[in-house]
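Let us walk through this protein chain together, one step at a time. Keep the picture in view and look for each part as it comes up.

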Amino acid sequence: MKARILQVAMLLALAACASTGARIPAAPAVDYSQYAGPEVESIHFYRLDGWEVVGHDELLLWAGLREAYLLKVWEPCTELEYAQAIGFTSNFNRVTRFDKVRAGHDLCPIGSIRKLDVARLKADRAKARSP
């Protein structure tokens with residue numbers, strides 16, 4: 001009986017050691033870079049409709065139903081994957097490659113901005129859903 005209790009206690013201790021508490025990001029469902037065009041100097045938008053972290057140094061910005069951009073930030077940007085909200089250092093509804101993304105306590109310089117071909121992305125998604 002004592003041996004059994006000792007075994008259970010050891011298993012619980014091992015399980016506690018194995019749990020790091022770090023979130024492992026899921027692999028992105030879509031490789032957005034295949035839909036991204038050449039780099040642009042800046043983007044102009046009146047409202048940010050949504051955003052999604054798609055890698056440890058990339059995020060997707062939705063500026064409307066038919067307008068999206070893939071931003072790559074300089075590393076390290078450790079809080080990007082865990083951020084509940086983002087912001088920009090820009091003013092006047094324009095984000096340039098000289099601005100930074102605010103993610104938690106990080107200010108991550110923007111490395112590149114590429115506009116997505118949203119029509120092709122949506123067409124590929126529709127094709128993948130059809131039988």
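The chain exposes about 9000 Å² of surface, and carbon and sulfur atoms supply 58% of that area. Keep in mind that what you see is a predicted model. Of the chain's 131 residues, 32% count as buried.

Now follow the chain along its sequence. Take the contacts between residues at least 6 apart in sequence: 56% of them join residues at least 24 apart.

Strand β4 (residues 58-62) runs antiparallel to β5, and 5 bridges join the two. Within this pairing, L61 stands opposite Y69 of β5. The hairpin made by β4 and β5 has 5 residues between its strands, and G64 takes a positive phi near 150° there. Strand β9 (residues 106-116) is also antiparallel to β5 and is joined to β5 by 5 bridges. Here you can find K72 standing opposite S112 of β9.

Next, look at the nonpolar residues inside. The largest nonpolar core has 19 residues, and L59, L71, F88 and V101 have the most contacts inside it. Two or more residues of this core come from each of β4, β5, β6 (86-88), β8 (100-103) and β9. Which residues does F88 touch, leaving aside its neighbours within four places in sequence? The contacts of F88 are F45, L48, L61, L71, V95, K100, V101 and R102. There is also a second, separate core of 12 residues, with V54, L70, V118 and L121 among them.

Finally, search for the cysteine link. The count comes to 1 disulfide, formed by C77 and C108, whose sulfur atoms are 1.8 Å apart. The link is right-handed, with 75° about the S-S bond. C77 lies in the loop between β5 and β6, while C108 belongs to strand β9; the two are 31 residues apart, so the pair links distant parts of the chain. Why do both cysteines count as buried? The cut-off is under 20% relative accessible area. C77 is buried because its relative accessible area is 6%, and C108 is buried because its value is 1%.

Methods:
Residues numbered from 1 in each chain as written. Predicted model: local features only at pLDDT ≥ 70, side-chain atom pairs only at ≥ 80, totals over all residues. Heavy atoms only, no water. Buried < 20%, exposed > 50% of the residue type's maximum accessible area, 1.4 Å probe, protein only. Contact = heavy atoms within 4.5 Å. Areas by Shrake-Rupley, 256 points an atom, 1.4 Å probe, with all protein chains shown as cover. Pairing = 2+ DSSP bridges. Helix = DSSP H or I, 4+ residues; strand = E, 2+ residues; numbered from the N terminus. Core = buried A, V, L, I, M, F, W, Y, C linked by side-chain atoms within 4.5 Å. Disulfide = S-S within 2.5 Å.
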